[in-house]
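Keep the model open while you read.

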Amino acid sequence: MDIPLSTIAVVGLGTMGTGIAEVLARSGREVIGIDIDDAAARQAVAALEASTARAVRRERITEEERRNILARFRTFSDLQAAADAELVIEVVPETYETKQQVFRELDAVVSPTAILATGTNALSVTRLAAESQHPERVLGLHFFNPAPVMKLVEVVSSVLTAPPAVAAVTELARQLGKEPVAVGDRPGFVADGLLFGYLNQAAAMYEANYASREDIDAAMKLGCGLPMGPLALLDLIGIDTARTVLEAMYRASHDRLHAPAPVLGQLSAAGLTGRKTGRGFYTYAEPGSPNVVPDALTPAQDAGAGAGRTVRSVGVAGSGTMASGIAEVFAKAGYDVVLAARSQEKADTAKGRIAKSLERSVTKGRLTAGARDETLARITASGSLDSFAEVDLAVEAVAEDLLVKQQLFATLDKVCRPGAVLATTTSSLPVVAIARATARPEDVVGMHFFNPAPAMKLVEVVRTVLTTDEVHATVREVCVKVRKHPVDCGDRAGFIVNALLFPYLNNAIKMVEEHYATLDDIDAAMKLGGGYPMGPFELLDVVGLDVSLAIEKVLHSEFRDPGLAPAPLLEHLVAAGCLGRKTGRGFREHARR
């Protein structure tokens with residue numbers, strides 16, 4: 001199968017087919033576009049004309065190059081047009097019946113040496129190949145939307161696929177400027193296999209009224225650096241499409257995390273499938289528009305404004321990186337800060353860490369020397385919690401150990417004045433269990449900052465069943481004053497970010513355990529296909545495998561879902577002391593600092 005792949009047919013000229021055709025035509029290939037709908041074919045030509053015209057205006061191609069690209073793209077309404085194609089890529093609707101019909105008809109049209117590729121992201125390539133007279137030439141070629149922009153291409157082999165066919169399309173992908181990733185045949189492959197489980201859990205979180213759509217999306221963008229929130233992404237993908245993918249994944253895995261959240265079925269049945277219809281989780285200006293418009297669920301701009309207690313001074317308990325970062329945040333915003341540690345020496349060291357951080361900001365031109373000095377002057381380092389006697393807000397940032405935090409809050413209860421708000425920065429422990437260590441649990445709230453606190457904009461505000469509205473409003477107001485984005489969530493394991501992030505990381509580990517894909521391919525797939533700033537294994541090594549395992553155990557214990565059980569490989573690495581960057585070895589080797 002040493003085929004040049006210079007003439008390629010694309011069957012199905014929807015958004016994805018049109019994008020693939022553009023990529024191929026720009027690369028110098030002869031492209032045969034086929035669609036039974038003449039309007040779709042005309043729209044595909046118009047889209048290519050428009051995109052190449054933009055490229056000429058931006059001086060990325062010449063007018064002559066544009067004419068050549070357009071000349072290489074021809075459209076037809078009959079599969080007979082694919083007769084001379086060396087590769088056929090089908091991107092017709094995501095049903096077995098439709099795709100199998102295409103493959104059966106192509107068998108009678110194309111050369112026996114032509115390669116047939118399916119663009120499916122949910123259906124079995126093996127099952128589709130079985131319908132062909134030459135199953136050895138059938139494989140999956142999964143582009144990501146928009147195809148001209150996204151670098152990832154998943155090359156999917158079935159047990160029947162001939163290696164030369166895989167090699168040919170892999171080389172084609174590289175010549176197109178894409179990053180091919182080799183994967184086996186299972187629903188979702190790598191990128192969607194990890195992505196759609198995460199999206200499904202976000203939909204279930206929203207359906208349970210745990211957090212608003214706006215807060216879920218903001219939490220994942222600001223807390224994880226993702227380009228889009230999960231619910232906005234579901235609207236972009238199409239809620240009906242997402243449900244189809246999840247159904248296929250669940251049939252293969254029987255994992256409850258892949259069972260489509262009922263809200264996806266309800267919205268699909270109502271025709272509210274996202275941007276393409278103008279309404280899904282959000283409401284859009286018109287069908288196809290990316291512009292979100294207010295609707296009945298849109299929160300009021302001034303909700304809760306002015307309802308909190310006055311906060312002028314803040315106490316931060318702890319001496320680690322998080323405690324010093326939080327103290328820096330409050331001091332920069334103009335609050336008087338008491339930074340208390342178990343000893344004066346530890347407190348002074350923590351303040352010294354803040355001084356170095358501020359100095360770096362001065363060096364980079366982000367802060368003036370005067371502002372640095374004023375910020376440091378607002379921070380008092382103390383070796384005793386007794387110094388919290390007059391603070392209006394006490395923030396705990398000590399070890400993630402329930403007993404340690406309960407003992408500290410029992411002390412704060414005695415030391416802090418009546419009316420002071422007591423906040424814990426826990427990322428995984430029950431806030432109410434910490435609150436009950438005091439005689440005033442109604443004044444206790446979760447205030448989960450993200451690391452590094454001076455840089456990360458997100459704060460998860462966690463209210464328990466006992467937290468008063470006034471205390472909740474106080475913390476939200478303070479977050480805004482320190483230039484953070486507060487999101488509201490209830491008191492359950494993982495809150496928003498960790499509850500969605502760590503099952504995704506755990507599932508990535510399971511892929512490696514099952515020898516489905518390599519660490520490098522999984523990381524590349526999520527960065528290139530999902531726009532993630534880091535791949536899951538890069539992130540696990542940064543977070544720390546011991547920290548990740550602890551959070552996984554908390555999630556599994558709370559929700560009792562078998563799919564949340566920590567991957568054995570994660571447990572084995574932690575037991576071996578391979579904790580990530582901090583030990584020099586985790587999923588990868590790292591240079592010791």
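Predicted model: local features only at pLDDT ≥ 70, side-chain atom pairs only at ≥ 80, totals over all residues.

## The eight-stranded sheet

Eight strands make up an open sheet with mixed pairing. Their order is β13-β12-β11-β14-β15-β16-β17-β18. The edges are β13 (379-382) and β18 (485-490). Each has a single partner strand, so one side of each lacks a neighbour in the sheet. From one strand to the next, the twist averages 25°.

In general, strands of a sheet pair through backbone hydrogen bonds, either parallel or antiparallel. Here, β14 (residues 393-396) and β15 (residues 421-424) run parallel and are joined by four bridges. Which residue of β15 is the bridge partner of A394? L422 is that partner.

## A helix on the sheet

Helix α12 (residues 321-332) packs on this sheet. Helix α12 touches β11 (313-317), β12 (336-340), β13, β14 and β16 (444-449). The direction of α12 makes about 170° with that of β11.

## Helices α7 and α8

The axes of α7 (residues 191-207) and α8 (residues 213-224) come within 9 Å. They cross at roughly 145°, and the crossing is right-handed. On the α7 side, the contact is made by Y198, A202, M205 and Y206. On the α8 side, R213, I216 and M220 take part. By class, the contact has six nonpolar residues, no polar ones and one charged.

## Aromatic pairs

How many aromatic pairs does the structure hold? There are five. One of them joins Y206 and F281. This pair is edge-to-face, with 5.5 Å centre to centre and 85° between the planes.

The Y206–F281 pair links distant parts of the chain, 75 residues apart. Y206 lies in helix α7. F281 sits in the loop between α11 (262-269) and β9 (283-284). Y206 also belongs to the contact of α7 with α8.

## Helices α21 and α22

Helix α21 (residues 545-559) packs against helix α22 (residues 568-575) at an angle of about 135°. Their axes are 9 Å apart. That angle makes α21 oblique to α22. The crossing is left-handed.

From α21, the contact takes in L545, D546, S548, L549, E552 and K553. These meet L570, E571, L573 and V574 in α22. Is the contact of α21 with α22 made of nonpolar, polar or charged residues, and how many of each? The contact has five nonpolar, one polar and four charged residues.

Notes
Residues numbered from 1 in each chain as written. Heavy atoms only, no water. Axes fitted to C-alpha atoms, helices over the stretch in contact; angles between N-to-C directions. Helix = DSSP H or I, 4+ residues; strand = E, 2+ residues; numbered from the N terminus. Parallel < 35°, antiparallel > 145°, perpendicular 65-115°, else oblique. Left-handed = near helix turned anticlockwise from the far one by under 90°. Contact = heavy atoms within 4.5 Å. Nonpolar A, V, L, I, M, F, W, Y, C, P; charged D, E, K, R; others polar. Pairing = 2+ DSSP bridges. Phe/Tyr/Trp six-rings, centres within 6.5 Å; stacked < 30°, edge-to-face > 60°.
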